[in-house]
Every structure is written in structure tokens, then in C-alpha cells.
Amino acid sequence: MPTSIDTMTSACAWRTMLVAALFACVTASARGAEPVVIDAAGKQPRVAIGADKTVHVLYGVGPSLKIRSSHDGGATYGPAVEIGKVTGLMLGMRRGPQLAAGDGVLVAAGIGATGDILSWYSGDAGKTWAGAITINDKPRVAREGLFSLAAGTRGSAWATWLDLRDTKAQIYASRTSDGGKKWSPNVLVYRSPDGTVCECCQPMVAADAGGDVAFMWRNLIGGARDMYVRSSTDEVKTMAAPMKLGSGTWQLNACPMDGGGISVSDHRIETAWRREGTVFMTSLDEPTKEAQLGAGKNSAVAIAGKAVVRVWQAGDDIQMKRGNQAAASIGKGSYPTIAAVPGGDGAVVVAWEAADGVRALLIE
């Protein structure tokens, strides 16, 4: 019987091509369309998607707050709208402007010159803006410039920040119930028993239309800089006790300047956060059960339908992991942010800071 080397070679080549095709298919699925360059000079982007599914990407250019919006799910974006010019705009190391979108669109920025957080609001999907309104009810208490926003029930949104009214950093919050025209008296979310939370890590807030709200911050107890969450199911009328995330701990005599990401939907809370050089994920139904995502920092997370999608920065790579799928690179850059498309089944928009400016990518 003749040798079958040619047949074997052909079979091996076929298998190689099949594996390559499958890999290309998985990669294409992970990447979605090509990223859109939002602004070549942009820094510290944030992305949010309104109830009408309009995608908004906010960023800073020098003293200017700018936003671009997409009405086709993130495939194309309209021209940039300048919300305003802000003397002393804090921009860098997660100290950029923040964004929330629900029935309206809300923007806030930390002002280094005054130590305040100012907000602007739009009721016409980002075309025109009103403001600026001070969120903190005592002057200069938000001078670290580390804060976040989240849209909640109809017309409401939450802000949380590192607050220095008691000299050392604590977690405070405020709520608007009218789309951003005015803010409530500030409330204490958490005070560290050791006097201060981590002094330079961005606290995060997540909320949904059902009244769920969750705050996440890096604590500082006994020298350990671990992540904690405190949550509510009734718009913070009552709150659960603070809970530490993960089974490990991080003893560190310095601030890592990395606050992580949190997402909430229908009593479900998902997180992504860093300990030492590794990014972990935790679901709040089992807060001590942690799983490694990989090496990196600056993580973000979105609950997108039945899927949980997490992104983070690994070197100069933007990594993404959807559910139990393997992590995949979606671009080069830093400081990724993510938002889920409302009513979708796993579709998200990711924006990040790249060498050529702010980029945004729709992933379905």
C-alpha cells in the first residue's frame, strides 16, 4: 500500500486552517467592528448609554469638556459638542470627567482650583447643556478630584467621591432626583475605623432603574488596601453593611491609584478590581469568592443582558472577558471604560485612551 504522507500533510494543513479560521472567528466576535477615533487630543474618556440607546463618549481636551454621541449604537458619532471650558479641570490618572445617562445625560468634573465637583445636565440627548452646579455641599472637600456618577431610577443619578471635610478621606455621596438641576445634602457612605480610606483611589458608584445602588472603594484598615462594597435596594434609604471583596489582602504602604469597576442590575452586583499586579472579579452574592482575570490594572465591568463583560489594562493592551469566554485583546491604550446597551443581549461599547486619542468600540 502506498505511503500516505501527502494525505497526512493535506489533513494537517486542513486542521491548521480550521483552527486558524476558528481563532479568527472568535477574535472577530470579541472585537466587533473597528474602533472609532473620537478625538485625537482627548483624554480620560467615559462612556454611557441612555434609555433611548444613544451612546455618549465624554472626554477632556485641555480645559474643555467635550462629548460625542452616536444614534446608531456606536457605529458612527456626530460632531463634538463642547459642554464648557473649565479652569483647573482635573484630567489624568482617573481624575477625568464623569458621565451618567438615563432619561437625560449628566456630566461632572473635578476642579482643582476650587476643590469642588461641578455638574452639567442635558435633556435633549447631549445637544445642549445647562450648569454648572456644585455637587459637594461644603467647599474644597472634593479636592482629590476622584469621584464617579451613575444613573438610577427615572430622572435620578448618584455621585460619590473621596471627601476631605474631616481632613482625612472618607466616602460621601449625593443624589439628584430631577436630572441634575439640584443635588441633595451630602451623606456619609463610609468612614474608615482607622481614620481614612485609601487616599488616591477612585471610588465608584453603580445604580439601576429599580432602585439598586452600590458603592465601591479601596479601604485602608491595618495597612491593608482592600476593596469594599456597600449596597442598597431602596435608593439608599437603608444600606447593607460594608463587605470586603475577595479572599486575599494587600498590605501596601502607598496608594495604587486604582479604584476598579462595579455594575448593578436587578439586585445583581458584579465587580472587577486590582490586588498587587493582578485584576480579579467578584460577584457580590459570594463576595469572598474571587477569580483572576489576569495581570493588569484600571478595570471596568458591565452587566449586559445575561452576560458580564469586564475590561482592563494589561501593559498597553486593552483586554476584554465576556462571561466564561477567554480574555481577548481589543486594542492598545489605557483607562478603559464600558457601558452595556440597554435591552441588548451582551452588546457593549468600550472607550479608552489610546496613543492617537480617545477610541470607542461597539462589541456585539
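Two strands are said to pair if DSSP finds at least two bridges between them, and strands themselves are DSSP runs (E, at least two residues) numbered from the N terminus. In this predicted model, where local features need pLDDT of at least 70, side-chain atom pairs count only at pLDDT 80 or more, and totals for chains, interfaces and linings use all residues, an open sheet of four antiparallel strands has the order β1-β28-β27-β26. Residues are numbered from 1 along each chain as its sequence is written, and side-chain values use heavy atoms, with hydrogens and water left out.

**Confidence**
- The protein chain has a mean pLDDT (the predictor's confidence in each residue, from 0 to 100) of 91, and 91% of its residues reach 70 or more.
- Residues 1–31 stay under 50 in pLDDT, and the model has twelve contacts for them beyond four places in sequence, a contact being heavy atoms within 4.5 Å.
- Where pLDDT is low, the predicted coordinates should not be read in detail.

**The four-stranded sheet**
- In the sheet with the order β1-β28-β27-β26, the edge strands are β1 (36–39) and β26 (334–340), each of which pairs on one side only.
- Neighbouring strands of this sheet are turned by 25° against each other on average, direction ignored, with axes taken as lines fitted to C-alpha atoms and angles running from 0 to 180 degrees between N-to-C directions.
- Strands β27 (residues 348–354) and β28 (residues 357–363) run antiparallel and are joined by seven bridges, and V349 stands opposite L362 in β28.

- β19 pairs with strand β20 (residues 278–283) in the antiparallel sense over six bridges, and E270 stands opposite S283 in β20.
- Two residues lie between the strands in the hairpin of β19 and β20, where E276 takes a positive phi near 55°.
- β20 is also joined by four bridges to strand β21 (residues 291–295), and the two run antiparallel, with T278 opposite A295 in β21.

**The cavity**
- On a 1 Å grid over the protein atoms alone, a cavity is a set of points where a 1.4 Å probe fits but cannot get out, and lining residues have an atom within 4 Å of a point.
- Grid points are joined across faces, edges and corners, and a volume is the space filled by probe spheres set on the points.
- A search of the whole structure finds one cavity of 30 Å³ or more, and about 40 Å³ of space lies in the largest cavity.
- Residues lining the largest cavity include R218, D226, K244, W250 and R275, and strand β19 (residues 268–275) gives the most to this lining, with three residues.
- The lining divides into four nonpolar, one polar and six charged residues, where Ala, Val, Leu, Ile, Met, Phe, Trp, Tyr, Cys and Pro count as nonpolar, Asp, Glu, Lys and Arg as charged, and the others, Gly among them, as polar.

Methods. On a 1 Å grid over the protein atoms alone, a cavity is a set of points where a 1.4 Å probe fits but cannot get out, and a pocket is an open set with protein on both sides within 12 Å along at least five of seven lines; lining residues have an atom within 4 Å of a point.
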